[in-house]
Amino acid sequence: MVRTDKNGQKGEFKKTTPKDIVYFILPFVSIGFLLLLWYRVSSITSLFPGMVQTYERFLLLLEKPIMRVPFYGHILASLKRVVIALLAAIVVGIAFGTLIGWNKKCDSFFGTVFNFIRPIPPLAWIPLITITFGIGEFPKILIVFIGAVIPIVLNTRAGLLSVEQIYLDVGQLFDANRWQMLWEVAMPCATPAIVAGIKTATSAAWMVVLAAEMLGAKSGVGFLVTRGMDANDMPLVLVAMITIGVIGALLGVITSLIERLICPWMRIK
Amino acid sequence: MKSETVIDNRPVKVQVSHLTKYFGSLHVLDDVSFDIKKGEFVCVVGPTGCGKTTFLNLLTKIYEPSEGELRIDGELADPKKHNLAFVFQEPSALPWLTVEDNLRFGLKIKKLPKEEIERRVDRILKLLGLEEFRKAYPGQLSTSTEQRVIIGRAFAMEPDLLLMDEPYGQMDIKLRFYLEDEVLRLWREIGTTVVFITHNIEEAVYLSEKVLILSNKPATIKEELKNNLPYPRDIASREFVEMRKHITEQIKWW
């Protein structure tokens, strides 16, 4: 139907349909169900902390620091480890991924070793890293780095190997040298894959940092979980878990925004 | 067929002599020789599978000829020295670059001065009427607009030799007509030497100043046909139809 919008522009405009409303409501419904489930479980057994208890523990946490670190300090401690490890993983991962994705000799030289190291979970490195570097900040960041660097290397390599021949031909016909082929053709072409690798790496890093903190740290959200477990403070465990979920989701949103910024041409497909 | 002699004083730009190509024992091209004048528009037609693409790939130096040579301005053709541009059959705009950056692509690789790049890009954008799409990405454009960008990208190089391999092969007739006029306009404005491969005989007669008719494999030049019909050409005129029929007759392989 032809209508006039508020600027006096004539045309056919999208109307809000019942379907749109359903799509808008469904996420809230699912959260509602989750809360309901929580409520049911906590009312059956008193060992499982209820919502009110958890909320009160949250308020207490805001007032009373644990290990002299306030609540936001724990979040920042975890985020700091993630960010440092991620930045290092991005630099090293893209460089190494490019090396093995662009140079066949390097790929066959490093490929086997990399394929052997790749399936080892980052947490399996903890004993070796602990006896080598102790339990300071560096070993934690190193563990997170191991978890984050692998998806970046894999995606960079795969992205470079799947550059379409026609784009390479275009570069060739404009007489690009090997360096220009890499920077002007292959890298931009592989960018969406690399960014996807960084997204995977970010969520991996967030998981690994919490696990690393649970195994010996004096700050961080993962430490709060361990602390709650040791002190039999289940509401604290739940507060920490919810924090982990919220921050993880926020990190996902942020990386998606960065993806749209770096790959504007992907938005329109 | 009536052939008028029009004096063509343009210097020879491309000189192909005794071009021969074997793939193993498969004889694809046999002793092909011809000249292209500076700024000339040459169309190449031939029966299916006669080696048109091989012919083109020899000109771009993607393949080395088994025998014979290709000279540009009297020197052996060398992609490092000579400026060759190429329009592929399939859309080949770089999806991560905007329209204007696609036009800049080859110029930047050649490391031309910035002002020169901007001058050429602006000119091509204007000539092709692409100004409104300047900041658009190829994915946002229709196939024909994308093909115009690619053609513009090739012309922006102001190449010594522009090779086009059935650039309108995938398009419907309306777009073809439109883009044929477009390519003629660019050619006239910029004065590029063009070799245009097509399987569409009408297109060859509509565009070219000279038609090279290739024979069946191993391909030789069956006929080198001057096309002096005045532009813009009337596809319904008697001379046009005659020439079209003549070429059709020539490439019949049955």
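Is B:Glu118 buried, partly exposed or exposed, and what is its relative accessible area? B:Glu118 is partly exposed, at 26%, where buried means under 20% relative accessible area, exposed over 50% and partly exposed in between (1.4 Å probe, protein chains only).

A few notes for you follow.

1. This is a predicted model, in which local features need pLDDT of at least 70 and side-chain atom pairs count only at pLDDT 80 or more, while totals for chains, interfaces and linings use all residues. Residues are numbered from 1 along each chain as its sequence is written, chains are lettered from A and ligands numbered from 1 in the order written, and side-chain values use heavy atoms, leaving out hydrogens and water.

2. B:Glu118 pairs with B:Arg104 in a salt bridge, with the closest N and O atoms 2.9 Å apart; the term means a side-chain nitrogen of Lys or Arg within 4 Å of a carboxyl oxygen of Asp or Glu. B:Arg104 is buried, with a relative accessible area of 13%. Both residues belong to a salt-bridge network that also includes B:Asp122 and B:Arg134.

3. Helix H3 of chain B (residues 114-127) is worth a look: its 14 residues reach 20 Å from first C-alpha to last, close to the 20 Å expected at 1.5 Å a residue. Helices here are DSSP runs (H or I, at least four residues), numbered from the N terminus, and the expected span is 1.5 Å times one less than the number of residues. Its buried residues include B:Ile117, B:Val121 and B:Leu125. Seen down the axis, the buried residues of H3(B) fall within an arc of 165°, so they line one face; the arc is taken from the directions from the helix axis to the C-beta atoms. They pack against helices H2, H4 and H5 of chain B, with contact meaning heavy atoms within 4.5 Å. The face turned away carries the exposed B:Glu115 and B:Lys126.

4. Another salt bridge joins B:Glu182 and B:Arg148, again with closest N and O atoms 2.9 Å apart. B:Glu182 lies in helix H5 of chain B and B:Arg148 in helix H4 of chain B, so the pair ties together parts 34 residues apart in sequence. B:Glu182 is buried at 6%, and B:Arg148 is buried at 9%.

5. Turning to the interface, 18 residues of chain A and 24 residues of chain B take part in the contact. No salt bridges are found between chain A and chain B.

Terms used: Helix = DSSP H or I, 4+ residues; strand = E, 2+ residues; numbered from the N terminus.
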